[in-house]
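Dear colleague,

I am handing over the structure below, together with notes on what was found in it. Please read the notes with the coordinates open beside you.

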Amino acid sequence: MAFDHKGRVVVIMGVSGAGKSTIGDMLAKVLNCSFLDADDFHPLSNKEKMSQGIPLSDEDRIPWLETLRGVLKDKLDNGKTVILGCSSLQKHYREILRSADADYVHGSYASRVQFVLLDAKADVLAARLEKRAAEGKHFMPATLLQSQLESLNIDEGEGIFKVDATLSPLIIVSKIQTFLFSDFEQTTGNRDC
């Protein structure tokens, strides 16, 4: 089940512990497309900084986001639909990813790269991160959560779809699907998705 012949990117965004990888992987399976985890594209130096509790700077993030943009551009140019799990905390980071769409006009927010925010309260996220760290499942410690929450910047004009990340994963995926297909119908007039 793909959206259209031009391809599309859906970025599942949010701070660490929101469920980006879980939801992104589930959504990709439902939509029969690929899932990319942005963490897999971090250079070792970024992973080392985060594992030591050091927040990344723009100098760390921008080259990583540009690499992701290149991967997404290739997917879009080949008519592929892809789900990306990526924090995308600030508007200028999202603009880099949106520009993977060759037709994107900077600042218009009308792109084949769309964003879905998994939203949850800090205490829920901290508990998830502590559990994940205890299981040895991620390189980022819970101590960086506050800096991520402080960095999260959403402009209502961007049209980012927000979903309560405390819902069950199946309900979250269903809500995202409903959003994506209603948006696709509105922008293309196509109801045969």
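Helix α3 (residues 58-77) packs with α4 at an angle of about 25°, and their axes lie 8 Å apart; axes here are lines fitted to C-alpha atoms, for helices over the stretch in contact, and angles run from 0 to 180 degrees between N-to-C directions. That angle makes α3 roughly parallel to α4, given that angles under 35 degrees count as roughly parallel, over 145 as roughly antiparallel, 65 to 115 as roughly perpendicular and the rest as oblique. The crossing of the two helices, α3 and α4, is right-handed, a crossing being left-handed if the near helix is turned anticlockwise from the far one by less than a right angle, and right-handed if clockwise. On the α3 side the contact is made by D58, R61, I62, L65, E66, L68, R69 and L72, and on the α4 side by H92, Y93, I96 and L97, where contact means heavy atoms within 4.5 Å. Sorted by class, the contact of α3 with α4 has seven nonpolar, one polar and four charged residues; Ala, Val, Leu, Ile, Met, Phe, Trp, Tyr, Cys and Pro count as nonpolar, Asp, Glu, Lys and Arg as charged, and the others, Gly among them, as polar.

Please keep in mind that this is a predicted model, in which local features need pLDDT of at least 70 and side-chain atom pairs count only at pLDDT 80 or more, while totals for chains, interfaces and linings use all residues. Residues are numbered from 1 along each chain as its sequence is written, and side-chain values use heavy atoms, with hydrogens and water left out.

To stay with α4: six of its eight residues are buried, so α4 is largely enclosed by the rest of the structure; buried means under 20% relative accessible area, exposed over 50%, and partly exposed in between (1.4 Å probe, protein chains only). The buried residues of α4 are Y93, R94, E95, I96, L97 and R98, and they pack against β1, α3, β3 and β4.

As for the whole, the protein chain has seven helices and five strands, taken as DSSP runs (H or I, at least four residues, for helices; E, at least two, for strands) and numbered from the N terminus. Along the sequence these follow the pattern β-α-β-α-α-β-α-β-α-α-β-α. Of the 193 residues of the protein chain, 42% count as buried, and residues 24 or more positions apart account for 74% of the contacts with a separation of 6 or more.

L89, in the loop between β3 (81-85) and α4 (91-98), counts as buried at 0% relative accessibility, and L89 touches G14, V15, R94, Q148, S151, L152 and N153, not counting residues up to four places away in sequence. The C-alpha atoms of L89 and M13 are separated by 7.5 Å, although the two residues are 76 residues apart along the chain. A18 sits in the loop between β1 (8-13) and α1 (20-31) and is buried as well, with a relative accessible area of 3%; leaving aside residues up to four places away in sequence, A18 touches L118, L125, R128 and A165. D37, in strand β2, is buried with a relative accessible area of 15%, and with the same exclusion of residues up to four places away in sequence D37 touches S21 and G85.

The structure holds one aromatic pair, formed by F161 and F179, which is stacked at 4.3 Å centre to centre and 0° between the planes. Rings of Phe, Tyr and Trp (its six-membered ring) pair if their centres lie within 6.5 Å, and planes under 30 degrees apart count as stacked, over 60 as edge-to-face and the rest as tilted. F161 lies in strand β5 (residues 161-164) and F179 in helix α7 (residues 169-188), so the pair ties together parts that are 18 residues apart in sequence. F161 counts as partly exposed at 23% relative accessibility, whereas F179 is buried at 16%.

Finally, a point of backbone geometry: most residues other than glycine have a negative phi. N32, in the loop between α1 and β2 (34-37), has a positive phi of about 55° although it is not a glycine, and N32 is exposed, with a relative accessible area of 65%. Y109, in the loop between α4 and β4 (113-119), has a positive phi of about 65° and is likewise not a glycine; Y109 is partly exposed, with a relative accessible area of 21%.

With best regards
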